[in-house]
Structure formats: C-alpha cells, structure tokens
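Subject: Structure handover

Hello,

Here is the structure for you to look at. My notes follow it.

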Amino acid sequence: MKRWLAVHAWLVFAFLYLPIAVIVALSFNQSRFGVRFTGFTFDWYIRLFNNERILEYLTNTLVVAVVSTTVSTILGTLLAVGLVRYRFRWQNALRYLLYVPVVVPDVVMGISLLLLFDVVRDAIGWPRLSLFTIILAHISFQIAYVTLVVRARLMLLDPTLEEAAKDLGATPWLTFREVTLPLIMPGVISGALLAFSLSLDDFVVTFFTAGPGSTTLPLYIYSSVKLGISPEIHALSTLMVGITILVLLLGALFWKRRV
Amino acid sequence: MREAATPWERLRQVLVTVGPGGLWLVLFVLIPTLVMLVASLMSRGSLGQLVPPLGLHNYVRFFSDPLFIEIIGRSLWIGFWSTVLIMLLGYPLAFYIAQSRYKEVLLLLVVIPFFTNFLIRVYAWIVVFQKEGLLNGLITAFGLPPAELLPSTFAVYVATVYTYLPFFVLPLYAAVERIDWSQLEAAYDLGARPIRAFWEAIFPQTVPGLFAGFLLVFIPAVGTFVIADLLGGGKVTLVGNLIQLQFGSAQNWAFGSAVSMVLMAMVLLGLWLYARTQGEKGLDKLV
C-alpha cells in the first residue's frame, strides 16, 4: 500500500515538472523549431536581454506589483484590525463583500472593472486605461487576500496584551504601533508576499484593464503565444521559473530560521 | 483606570481602520458589480456601446439559445471532470506528503508550480502538444504518424488539471495534517479491515478539506478562458471565452455583462449551498 502511494506521488510530481523541464531544456536548444536537441546555446537569452521592449514590460509589471502591494497591504491590514477589534453597523455586509474578489472568477472581476472605468470615463473623461487602471484593479483583489491573511493572525492574538497597553495609558495609535503591529507582522508580511505574487501572476484582470503602452509580462507572453511559440519565450519562462524557485527557497530558509 | 472611549472616539477609530479599505471595496467591487448588472439590462448600440432600452432581452437571448446553454453545460462538465481528476491525483498525494520524512521538501515541490506564472504553465503544454512538440516527437520516433493534439478538448483537460492541481493539494494537505490517527487504531482494535477502517475513521476527517479544495478548483476551472483559448483554439468554447468574445471582437458589452451575471450567480449559488452545509466557518476555511 505504502509503495503504491509513493509510486503515485512520484508520477504526479513527474506530471507537474515535465512541461517545465521541457521549456527549460528547449531554451538552451540551438534549433528554433521542434524538440530535437541540436546543440547547446545561450543565444535566446542574449536576444532576450537585447530586446528593449521586454525590459519595458518587466518595469511595467514591477511598478504595478510594488505600488498595488504597498497600497493593498496598508488598507488590508487596517481593515483586518477594524473588523476584528470593533463592532459596527454593516459589518456583516462588509465581510461578505470581502469574499467577492476571492470567489468570483477573474474574468467577471476584469470586465466589471472595465465597465466601471468606461462609465466613469464617459462621464468625466478620466481615467484612460493605463498602468494606473491596472493598479486600481490589482489593489481591488489584493485587499481581500491581505485582509483575510492578517485577520487570521489577529484572531490568534491574545487581546489582553492590547488591553494592558491601554491600561498603561497608551493611545489607540500607540497601542497599534507598539503592540498590535509587531505581533501581527508575520501575517502582514505573508499577506504582502501573497499580494505581490498575485499581482505578478495576474493575466486576466490585467488583460481587461490594460490600455496601449501598459503591457505587462503576462500580457506579452499571451500575445506572443498567440503568434506561435518561440525560443525567446522559452528563455523568458525559464528565467521566471528560476526566480520563482529562488524566492521560494529563500522564503523557506528565512521561515525555518525564525521558527 | 482608563476611561471608556466616547462614542465619538470609537466611531473615529472604526472610520480610520475600516474606512479606507471598506470604501475601496465599495468603489471597486460593489459598484462595478452594480454597473455590470445595469449594463446587462441595456442594449447594444450601432458602435457596440451601451444604450437603452432597458430590459431582460439579453437574459432571454441567453437562455433561449441552445448554443449558449451548451456552452454553460460544457464549462460545468469540463470543470467538474477536471476537478474529479484533480481530486483523484491530489488526494493520495496529500497523504504521501503528510507521512513523508521530507514533507517540507515535497511541499515545496507542490508550491513551486503553484507560484509559477499561470501563463507559463499553460504555455508549457503547447510546447508538449504542438505538431512539432514533445509528444509527437515521441510518437514519430516509433514510426507512427504525428497526431493532431492541438487544439483539442483533451489538451484543455490536461492543462486544466495541471494548472489547478496545486490549488487542491495545499488545502487538503492542511486537513490531512490535522487528522487524528488514533481513530484509525481504534477502528483496527474494533476489528475493521484496512479499507473499512480508512473509510470510517480517516476519510470523514478529510471531507471539509475535500469540499474546500473542490470549490477552490471548480470555480476557477469553470470560469477560465485562457486555457480553452490557447489549447482549445476555437474548438472548445467555454463561458469565459463567450464573455471575452463579447468584450472583444463581438463588441456586445451588454450581452457579455448578462453572461457574466449568469456566471456570477452560479458561483454565488454554489457558495451559498456550501455555506449552508459547512457553516460560515467553512467560508473562512476556503481562504
């Protein structure tokens, strides 16, 4: 029984890694077409680095991810604190609203924001579809994830710690800064990392809210894939997978050292 | 003794914490949904813009055309069977990882594809399935004629299973980790055979994780348009493709909004049923 479980597991792992391995191998292949390995080369990587458009798309992607993650982490953390610490009207409605970006298919999220931007632009001539609208859209789904992650952490917190600070005369702001925030920091960091990777990964919502001149890497990959596959895309994908693995390994080591 | 906060002070604290985020959700989640609802009731102008008259005509068109019903049916069908396949692959895997000595490493092996860019994961299957691709390379190496694997429903299935498998394994693994194994021993002590013991003592403990994993996979699998677009290439039209088409070349935003409302209603209905069986805690467990 145990052996079958192991065989099954390694077959599934093979399934998970085979396509990625093919891309990595082909990114070093001399031949432009087909899967026959004709020789080792770095040509496709050199071409990639000489492609200035790619650099622009990378910059766009990172600008969107950094700005949207910063805003959504601040708003989401505050929202989580408010939802856990206070009772107020409309609280339940707000909690349900929070789930909407998490559960609704991203194509619905994308077109509803496209509609909003269009209606507002018709009325007041602003905003044009651009990096700005992509950032607004990303914050809208990131906020929900950050809030849920931070809220989970807050609910584990011992409320007497905050009460002690208040009894000692700390103002709400001081209590938050010196007691609550340091204690929920791991949750805030996890939430921010999740928000950041969601933004980097997002294609669908970006697709509907992007305009001319605001191409991100996922949008670029999509449009080139529609034209057919190319070794440059193999190389780009390999680099992105490599960075993903590197970040996850560093994160795992960092976490292990802390625990 | 500190003084109790005045009502005004409390209101200020609520506004400072909940205010900005709550306002954001209202402006960019609630209002867009309402705009979409109104748009779904409007008509298509000569340039594709939204114009009156208002009415239910988009919904009537959707539900009276067998073609559209077929698209919804196909999305649910492919989404459902992909999810079943994912569960068959992922369920034993979660147990294997939880019992392994190297569980951190194995977990990382599941997390890496999870965080690898979605488009790259779909793209990888084009490389495998295309005419000059890996699979046909193998087939022709055996002297057989190359197969037409792209576009095909088969390719859509494989890529859907591949893309969403980690989404299922991770929450299920969390459930398996919390299993109380002493119940298994109790079942053995009571004379149960291995299969019965597993079914009665272990399986029920994983049911909440199974439900959560099912929804986490099923909803995006039904709503996706990228996989069918890239690997089904016009052969496989799902509800996501229909929506994209209306907002793209078909230029009928009103009808596209109506289809989106139908998709959203289906998701919310599913979640409502889930919340009724699992309680509201179940919703939290989902994320």
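The domain bounds used below come from an automatic or database domain assignment. On that basis chain B has a domain 1, covering 1-40, and a domain 2, covering 58-286. The C-alpha centres of these two domains of chain B are 34 Å apart. Four residues from domain 1 of chain B and seven residues from domain 2 of chain B take part in the contact between them. On the domain 1 side, three of the residues are nonpolar, one is polar and none is charged. Please keep in mind that this is a predicted model.

The chain A and chain B interface

How many residues does each chain give to the contact? Chain A contributes 74 residues and chain B contributes 67 residues. On the chain A side, helix 1 (residues 2-26) supplies the largest share, with 13 residues. By class, that side of chain A consists of 58 nonpolar, eleven polar and five charged residues.

One residue to look at here is Phe118(B), which belongs to helix 5 (residues 118-129) of chain B. Leaving out residues up to four places away in sequence, Phe118(B) touches Asp201(A) and Phe203(A) in chain A, and Thr163(B) in its own chain. A residue is buried if 20 or more other C-beta atoms lie within 10 Å of its own. Phe118(B) has 20 C-beta neighbours inside 10 Å, so Phe118(B) counts as buried. Phe118(B) and Ile227(B) are 109 residues apart along the chain, and their C-alpha atoms are separated by 9.7 Å.

Helix 3 of chain B

Helix 3 of chain B runs over residues 66-99, which is 34 residues. From first C-alpha to last, helix 3 of chain B reaches 49 Å, close to the 50 Å expected at 1.5 Å a residue. Where does helix 3 of chain B bend? The bend is at Gly90(B) and amounts to about 25°, with a proline, Pro92(B), following within four residues.

Chain A overall

Chain A has eleven helices and zero strands. Its pattern along the sequence is accordingly written α-α-α-α-α-α-α-α-α-α-α. The radius of gyration of chain A is 23 Å, whereas a compact globule of 259 residues would have one near 18 Å. The C-alpha trace of chain A spans about 75 × 60 × 35 Å along its principal axes. Of the 259 residues in chain A, 41% are buried. Taking contacts in chain A between residues at least 6 apart in sequence, 79% join residues at least 24 apart.

Helix 5 of chain A (residues 106-124) has 19 residues and reaches 27 Å from its first C-alpha to its last, close to the 27 Å expected at 1.5 Å a residue. Buried residues in helix 5 of chain A include Asp106(A), Ser112(A) and Phe117(A). After helix 5 of chain A comes Gly125(A), with a positive phi near 70°.

In helix 10 of chain A (residues 217-227), the buried residues include Leu217(A), Pro218(A), Tyr220(A), Tyr222(A) and Val225(A). Just after helix 10 of chain A, Gly228(A) has a positive phi of about 120°.

Two further residues in chain A

Ser27(A) sits in the loop between helix 1 and helix 2 (43-50) of chain A. Is Ser27(A) buried or exposed? Ser27(A) is buried, because 22 other C-beta atoms lie within 10 Å. Not counting residues up to four places away in sequence, Ser27(A) touches Trp44(A), Pro231(A), His234(A), Ala235(A) and Thr238(A). Ser27(A) and Ala123(A), 96 residues apart in sequence, are 48 Å apart in space, C-alpha to C-alpha.

Ala144(A) lies in helix 6 (residues 131-155) of chain A. Ala144(A) has 24 C-beta neighbours inside 10 Å and therefore counts as buried. Apart from neighbours within four places in sequence, Ala144(A) is in contact with Leu98(A), Pro101(A) and Val102(A). The C-alpha atoms of Ala144(A) and Leu75(A) are separated by 9.7 Å, with the two residues 69 apart along the chain.

Regards

Notes. Residues are numbered from 1 along each chain as its sequence is written. Chains are lettered from A and ligands numbered from 1 in the order in which they are written. This is a predicted model: local features need pLDDT of at least 70, side-chain atom pairs count only at pLDDT 80 or more; totals for chains, interfaces and linings use all residues. Two residues are in contact if their C-beta atoms, placed from the backbone, lie within 7 Å. Ala, Val, Leu, Ile, Met, Phe, Trp, Tyr, Cys and Pro count as nonpolar, Asp, Glu, Lys and Arg as charged, and the others, Gly among them, as polar. Helices (H or I, at least four residues) and strands (E, at least two) are DSSP runs, numbered from the N terminus. The expected span of a helix is 1.5 Å times one less than its number of residues. The bend at a residue is the angle between axes fitted to the seven residues ending there and the seven starting there. The radius of gyration is taken over C-alpha atoms; the globule rule is 2.2 Å times the number of residues to the power 0.38. A residue is buried if 20 or more other C-beta atoms lie within 10 Å of its own, exposed if 12 or fewer, and partly exposed in between; C-beta atoms are placed from the backbone.
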